[in-house]
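Please look over the sequence and the structure first.

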Amino acid sequence: MLVEREPLRSLVKGIKLYLLTYISQGLKVKGYLAVPEEGVPGPGLLYCRGGIRKVGMVRKRRIFDLARRGYVVFAPFYRGNEGGEGREDFGGEDRFDVYHAVKLMQSLPETVPGPVPLIGFSRGAIMAMQAAKECPDVGPVVVWGGVSDLFDTYEERVDLRRMLKRVVGHPRKQAEAYERRSPVYWTEQVKVPVMIVHGTNDTQVSVSHARKLAAALERAGKDYAMELYEGLEHRFPKEDDKRALDAVFAWIKRKQEEMNRFRA
């Protein structure tokens with residue numbers, strides 16, 4: 001599945017950076033791979049970016065933040081971006097770019113065997129939760145500032161309506177397409193623990209998305225945790241971000257240990 005590995009200049013000592021090209025549904029898709037120089041092979045982690053096309057593109061700094069925690073981190077750009085083939089469609093066919101990235105991660109010599117945890121930011125939460133529903137080799141999953149009900153996004157984000165109608169369709173005419181991209185409608189199918197991280201003052205994805213997802217997971221009897229950060233917006237300030245990452249990685253480690261014991 002790996003087509004090309006191009007070494008890139010890394011601005012962070014002790015972490016190597018690569019541009020990977022891999023195959024998803026016959027398309028060449030690209031993404032960044034960050035590898036800590038120590039502790040390899042190590043655990044893998046997949047980061048699902050938010051936005052669409054140039055908006056919300058993967059930031060190297062974010063990948064380094066995650067790799068500093070001792071994880072080999074891969075962040076796909078999704079199809080059609082940065083020279084990749086195809087066209088992304090906001091949690092439609094491009095969800096397979098995440099599914100194939102999971103298998104790619106498990107094939108890399110730098111990663112240890114086992115399920116791959118996912119962090120989905122903003123729209124990336126849709127992709128991460130779809131993987132939690134459909135992929136056997138993922139978990140646990142973190143949704144950070146995540147979209148959980150695309151119908152609500154259409155109502156809340158007037159500035160996104162034109163894009164949503166073009167890419168997904170109209171929520172009344174293409175309701176099924178919106179439901180497929182809205183985790184609150186299929187939490188009973190989610191197979192792994194979920195952590196929800198959200199700022200209460202998020203104006204891009206309102207905190208109601210976090211609360212609705214938590215309520216749906218609760219009704220479905222799923223293993224989940226929720227951390228709401230009072231007064232914070234879509235992107236957290238540096239110190240708050242570090243505090244949230246501490247909580248996220250402590251939870252990931254704990255849930256990975258529980259999942260390993262269960263498999264044993």
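Which residue lies over the face of Y18? R5 does, at 4.9 Å from the ring centre.

## Basis of the model

This is a predicted model, in which local features need pLDDT of at least 70, side-chain atom pairs count only at pLDDT 80 or more, and totals for chains, interfaces and linings use all residues. Residues are numbered from 1 along each chain as its sequence is written, and side-chain values use heavy atoms, with hydrogens and water left out.

## The sheet

An open sheet is formed by nine strands in the order β1-β2-β3-β5-β4-β6-β7-β8-β9, with mixed pairing. Strands are DSSP runs of E with at least two residues, helices are runs of H or I with at least four, and both are numbered from the N terminus. Two strands pair if DSSP finds at least two bridges between them. At the edges stand β1 (2-8) and β9, each with a single partner strand, so one side of each has no neighbour in the sheet. From one strand to the next the twist averages 20°.

Strands β4 (residues 44-48) and β5 (residues 72-76) run parallel and are joined by three bridges. Opposite L46 stands F74 in β5. Helix α2 (residues 95-107) packs on the sheet, and β1 and β4 are among the strands that α2 touches (contact means heavy atoms within 4.5 Å).

## Aromatic pairs

The model has nine aromatic pairs. Rings of Phe, Tyr and Trp (its six-membered ring) pair if their centres lie within 6.5 Å; planes under 30 degrees apart count as stacked, over 60 as edge-to-face and the rest as tilted. The pair of W144 and F236 is tilted, because the ring centres are 5.5 Å apart and the planes stand at 50°. W144 lies in strand β7 (residues 138-144) and F236 in the loop between β9 (224-229) and α8 (238-263), so the pair ties together parts that are 92 residues apart in sequence. Both W144 and F236 are buried (under 20% relative accessible area, with exposed over 50% and partly exposed in between; 1.4 Å probe, protein chains only).

Y154 and Y178 form an edge-to-face pair, 6.4 Å centre to centre with 85° between the planes. Y154 is in helix α4 (residues 150-156) and Y178 in helix α6 (residues 175-180), 24 residues apart. Y154 counts as buried at 6% relative accessibility, and Y178 does at 0%.

## Arginines

R62 lies over the face of W144, at 5.1 Å from the ring centre. A charge sits over a ring if NZ of Lys or CZ of Arg is within 6 Å of the ring centre and within 35 degrees of the ring normal. R162, in helix α5 (residues 161-167), counts as exposed at 71% relative accessibility.

Note on methods:
Axes are lines fitted to C-alpha atoms, for helices over the stretch in contact, and angles run from 0 to 180 degrees between N-to-C directions.
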